[in-house]
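Welcome! Please take a look at the structure below before reading on.

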Amino acid sequence: MRIPVEHETILREALRAPSAHNAQPWRLRRCAGVRGAGGYELHYDHLDYLPHDPDDRDAYLAIGGFLETLDLAAQRHGHRSTVEPRFERTGSDLFVGVIRLRPALPGEPVDPLAGPAARRCTNRCRYDRSELPDLLRRELVAMGCVLVDPARMARLVARASELSWRDRRFVTDLDRWMSGDPAAPAGMTPAGLQLARYEWLALRVALRIGRLPGPVARLFAGRDVRLLATARAVSVLGATDLSTATLVDAGRRLLRCWVAITAAGFACHPISIAVDRPETAPLVADAAGVPVPVAVFRIGRPTRPAPESNRRPLADVLS
Ligand SMILES: Cc1cc2nc3c(=O)[nH]c(=O)nc-3n(C[C@H](O)[C@H](O)[C@H](O)COP(=O)(O)O)c2cc1C
């Protein structure tokens, strides 16, 4: 069954959605639709992702980000998307829902984030501490973020980073999704991570022995703190709970935050370890005053452009 050429364009652009470790945990299946209009089942396989992401938070955020990226891509190409949620689990498979694409109606408004969404990327370089525009601050707050002074987050990011680098489970996940092959279709490459040579060497040591020894872990944590100090703000995205539907919704908001930041000429860089670690997640909740913090990212004006990350081809994702 061939799919319409405009669907192919939209789905290919949707694959640019962000995901932790660039694991791209989404799979699509063509399905018959109502009155002949085709649809796409969206699936997530719990085994094919991060074995040590115990609550699947990052995966469900990524699925939400995928749905939002897809909708904005549809709008760039004169279409709209709808999703019928299912959230049915069979073994390791989660059937997230059915996506449908339809042509836009005459005069139907286009989301202002549709254009900038095509330029969104993660930028891990140093930022220049330019002030964030008030409008951007208001947009982020409206999407459920609390903006915190980077200095307030420094100690807890240092602690989360050191604990993570000493933790075999964190390094195992990283090992699975790190590749020395610059053309690897999924996962992260040294160039994409924007690592200096000594940082890449330390990372290789960690991957070889499964963790970093204490003093090296502390050194490496210093890198995260130095990068944090160049940011103008740290944003904490809150949610009400960690249920699948809530996290998918938070993922959609997260994506809109990142696109709004791109649209304003700024960049962002997630710091998931701060909420991944049970030792620091409650401190993030306290610092931001949110019940359940689900994502933390630094924001600032980047000092250089980010390299484009790789993606799986559509043929490998769609069956
Ligand atoms: C839920 C989520 C968590 C992420 N956590 C981190 C993180 O802790 N550190 C980091 O450098 N990037 C993080 N990322 C960014 C991904 O690595 C990035 O989206 C992926 O490599 C694709 O690159 P792109 O965003 O430039 O398209 C995260 C992304 C998502 C969606």
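This is a predicted model: local features need pLDDT of at least 70, side-chain atom pairs count only at pLDDT 80 or more; totals for chains, interfaces and linings use all residues.

Residues are numbered from 1 along each chain as its sequence is written.

The protein chain splits into domain 1 (5–118) and domain 2 (134–300), with bounds taken from an automatic or database domain assignment. Their C-alpha centres are 23 Å apart. To their contact, domain 1 brings 25 residues and domain 2 brings 27 residues; two residues are in contact if their C-beta atoms, placed from the backbone, lie within 7 Å.

On the side of domain 1 that touches domain 2, two or more residues each come from helix 2, strand 3 (79–90) and helix 3 (114–117). Helix 2 gives the most there, with 11 residues. Helices (H or I, at least four residues) and strands (E, at least two) are DSSP runs, numbered from the N terminus.

Now to the ligand. Of the 18 residues around it, Pro 18, Asn 22, Thr 122, Ser 272 and Ser 309 come nearest; a residue counts as near if its C-beta atom, placed from the backbone, lies within 6 Å. Helix 2 (57–76) and strand 7 (267–270) each supply at least two shell residues, and helix 2 gives the most, with four residues.

Here are the classes of the shell residues:

| Class | Residues in the shell around the ligand |
|---|---|
| Nonpolar (Ala, Val, Leu, Ile, Met, Phe, Trp, Tyr, Cys, Pro) | eight residues |
| Polar (the others, Gly among them) | eight residues |
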